[in-house]
Amino acid sequence: MEKEEYPYLSKVSSPADVKAMDADQLSGLVADIRKALLLKLSRHGGHVGPNLGMVEATIALHRVFNSPADKLVWDVSHQSYTHKMLTGRALAFMSPEHYDDVTGYTCPWENEHDLFEIGHTSTSVALATGLAKARDLAGGHNNVIAIIGDGSLSGGEAYEGLNMAAELGTNIIIVVNDNEMSIAENHGGYINNLNLLRATQGKAECNMFKAMGFDYLYVEQGNDIAALTAAFQQVKDTPKPTVVHIHTLKGKGYEPAEQRKEEFHWHMPWNLATGRSDDDGDSENYSDITASFLLGAMKRDPKLVAISAAVPTMMGFTPERRAEAGKQYVDVGIAEAEAVAMSSGLAKAGAHPVFCTASSFFQRTYDQLSQDVCINRSPATFIVAAGTVLGMNDVTHLGFFDIPLISNIPNMVYLAPTTVEEYLAMLQWSINQNKDPVAIKLPGGPVRHSQGKVQTDYSRLNQYEATRRGSRVALLGLGTFHHLATEVADALKQQLGVEATVVNPRYITGLDTAMLDSLKAGHQVVVTIEDGQLDGGFGEKIARYYGPTAVRVLNYGLKKEFVDRYDYAAMLSDSRLTAPQITADVVSLLNE
């Protein structure tokens with residue numbers, strides 16, 4: 001691979017170097033940064049549009065403010081790549097062999113200019129209020145700047161932060177990056193005011209920020225370093241809470257990203273010349289499967305409502321599918337708590353809501369799942385996507401904490417399908433029933449299909465299915481890892497001649513005590529295998545049940561730990577989640 005030249009970016013090792021540049025050098029720096037972003041992201045994948053749109057604003061921030069004395073807090077931080085380049089980490093964007101030296105988000109363990117590890121949205125203003133209060137208590141005078149954009153104002157924590165920032169009445173500068181987009185299109189009433197403020201160049205009398213008590217400054221040229229620098233200089237060291245509203249272009253400088261903003265919010269590696277991925281995109285996946293099923297079900301059921309929280313393609317709802325669904329599709333913006341509470345209201349009123357989002361985003365909804373849904377026993381359906389060790393591996397987006405989180409809420413029915421057919425049967429049953437809140441954990445790894453018929457009625461709760469009958473060893477393979485249980489059973493037969501029992505538990509939230517009792521006869525070892533954290537997980541419930549008996553129990557799953565950008569094969573091996581390792585452990589136990 002030919003080595004690329006970056007005559008301006010290569011000279012930047014700290015914000016001081018940016019401050020020393022003249023207008024021509026800054027223009028060259030902008031070109032270098034966009035070149036580095038596009039080459040790295042097209043080869044490596046990552047957040048494209050958010051970072052391309054914030055190049056000039058980031059340069060202006062570092063020309064005016066004095067990080068790390070002045071505190072920059074990046075909301076979500078998926079627009080912080082330029083910030084990383086300007087704070088001593090440019091090599092990780094210029095040199096392919098160093099691409100993985102930095103994370104995709106701000107990271108205080110990397111650099112003193114990063115204050116928080118942030119990967120979820122709407123948090124920057126709230127975090128900034130804490131920094132400002134601590135500064136004031138210590139008698140400090142530095143600036144605290146929160147950068148928020150990409151629809152993050154739709155999140156409830158953003159409003160809580162704004163409320164407190166206004167209440168503090170001190171130096172907090174909130175840079176609202178208004179690129180007229182969220183991940184997909186913007187949703188929520190607040191965008192009406194942003195639209196008005198843009199249309200009037202910030203002069204409209206109706207101004208939600210001023211109404212809350214903020215000083216306000218509008219910058220139409222949000223991709224112009226000179227205009228941004230002047231604006232930031234104007235508000236630097238202000239004694240009041242202040243909003244600087246900048247109008248930027250998401251994806252700026254790369255036409256495919258400017259034209260296809262939703263697609264290029266985050267992108268796997270693609271062909272930079274064509275703007276298209278090299279793969280054909282025809283591989284089977286649960287997003288498309290879910291969307292196709294729900295669109296068909298909507299035609300039969302006018303009360304069915306599909307709900308997204310700003311990530312519509314998580315459930316396969318492309319712009320074309322959203323249009324097809326019409327009023328039976330709702331995007332609440334980046335507001336997962338609202339989605340869950342709205343689902344409860346819809347269900348109570350006789351509608352059939354289905355809300356789908358990522359496992360790590362469901363963490364933001366625990367109170368609503370517990371209080372709004374489960375205490376009220378609202379029969380809503382929740383699809384937990386990317387809830388797997390085989391999914392996203394950034395520390396902020398780990399998907400294997402959902403079993404302890406969701407399965408221990410009373411009245412919740414949490415189901416773990418093993419195949420497409422089982423998933424769709426569970427989904428249809430959940431939509432049809434009107435008794436229980438139901439969550440469904442999508443399997444991780446390759447999409448698998450059932451060889452025969454699957455059960456269609458899951459109303460008799462906590463009934464496991466024995467997919468093989470044997471003796472001595474029982475293998476309970478939950479969801480994703482049912483196939484792994486089958487592989488271990490095959491290995492035990494080959495090595496020891498043991499015909500093991502294999503069980504598909506299906507229900508994460510309860511015990512099939514009748515089956516568990518039946519396994520006591522003729523089984524020495526019971527093995528649980530789950531795609532999630534062991535502490536508080538499914539296997540612990542099984543082990544506790546067998547505690548007073550002679551049955552030996554082995555639990556396989558993930559450790560309770562935060563890990564970042566792990567290697568999938570190494571993670572499985574370290575957790576002994578491979579067929580040879582589990583087989584060896586079982587053989588050792590049988591031979592004791």
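Modeller: Let us begin with a term that we shall need: a residue counts as buried when its relative accessible area is under 20%, as exposed when that area is over 50%, and as partly exposed in between. Please keep in mind that this is a predicted model.

Colleague: Is Asp-436 buried or exposed?

Modeller: Asp-436 has a relative accessibility of 3%, and therefore it counts as buried. The side chain of Asp-436 meets that of Arg-377 in a salt bridge, with 3.1 Å from N to O. Arg-377 is in the loop between α17 and β11, and Asp-436 is in the loop between α19 and β13, so the pair ties together parts that are 59 residues apart in sequence. Arg-377, for its part, has a relative accessible area of 37% and is therefore partly exposed.

Colleague: What is the general idea behind such a pair, and how many salt bridges does the whole structure have?

Modeller: Side chains of opposite charge can pair when their charged atoms come close. A search of the whole structure finds 23 salt bridges.

Colleague: Which residue meets Glu-185 in a salt bridge?

Modeller: The partner of Glu-185 is Arg-322, at 2.9 Å from N to O. Because Glu-185 lies in the loop between β4 and α9 while Arg-322 belongs to helix α14, the two tie together parts that are 137 residues apart in sequence. Glu-185 is partly exposed at 29% relative accessibility, whereas Arg-322 is buried at 9% relative accessible area.

Colleague: Which residue forms a salt bridge with Lys-441?

Modeller: Lys-441 pairs with Asp-402, and their closest N and O atoms are 2.8 Å apart. Here strand β13, which holds Lys-441, is linked to helix α18, which holds Asp-402; the two residues are 39 residues apart. Both Lys-441 and Asp-402 are buried. A network also occurs: Lys-84, Arg-89, Glu-110 and Asp-114 are joined by salt bridges that share partners.

Colleague: Let us turn to the helices. Which residues of α22 are buried?

Modeller: In α22, which spans residues 538-546, the buried residues are Phe-538, Gly-539, Lys-541, Ile-542 and Tyr-546.

Colleague: Against which elements do the buried residues of α22 pack?

Modeller: They pack against the helices α18 and α21 and the strands β15, β17 and β18.

Colleague: May we also consider a single residue? Where does Val-125 lie, and which residues does it touch?

Modeller: Val-125 is in helix α7, residues 124-137. The relative accessible area of Val-125 is 0%, so this residue is buried. Leaving aside residues up to four places away in sequence, Val-125 touches Ala-146, Ile-148, Gly-161, Leu-162, Ala-165 and Ile-174. Val-125 and Asn-111 are 14 residues apart along the chain, and 21 Å separates their C-alpha atoms.

Colleague: How many cavities of 30 Å³ or more are found in the whole structure?

Modeller: The search finds two. For each cavity, one reads the volume and then the lining. The largest has a volume of about 80 Å³. Its lining is made of 15 residues, and those nearest its centre are Asp-150, Gly-151, Asn-177, Asp-178 and Leu-194. At least two lining residues come from each of β3, β4 and α9, and β4 gives the most, with three. By class, six of the lining residues are nonpolar, six polar and three charged.

Colleague: What is the volume of the second largest cavity, and which residues line it?

Modeller: The second largest cavity has a volume of about 40 Å³. Among its lining residues are Tyr-286, Thr-418, Pro-443 and Arg-448. The lining has three nonpolar, four polar and one charged residues.

Colleague: Finally, how much space lies in the second largest pocket, and which residues are nearest its centre?

Modeller: The second largest pocket holds about 420 Å³ of space. Of its 22 lining residues, Thr-418, Thr-419, Ser-450, Thr-467 and His-482 lie nearest its centre. β14 and α20 each supply at least two residues of this lining, which divides into two nonpolar, 14 polar and six charged residues.

Notes: Residues numbered from 1 in each chain as written. Predicted model: local features only at pLDDT ≥ 70, side-chain atom pairs only at ≥ 80, totals over all residues. Heavy atoms only, no water. 1 Å grid on protein atoms, 1.4 Å probe; cavity = no way out; pocket = protein on both sides within 12 Å on 5 of 7 lines; lining within 4 Å. Points joined across faces, edges and corners; volume = space filled by probe spheres on them. Helix = DSSP H or I, 4+ residues; strand = E, 2+ residues; numbered from the N terminus. Nonpolar A, V, L, I, M, F, W, Y, C, P; charged D, E, K, R; others polar. Buried < 20%, exposed > 50% of the residue type's maximum accessible area, 1.4 Å probe, protein only. Contact = heavy atoms within 4.5 Å. Salt bridge = Lys/Arg side-chain N within 4 Å of Asp/Glu carboxyl O.
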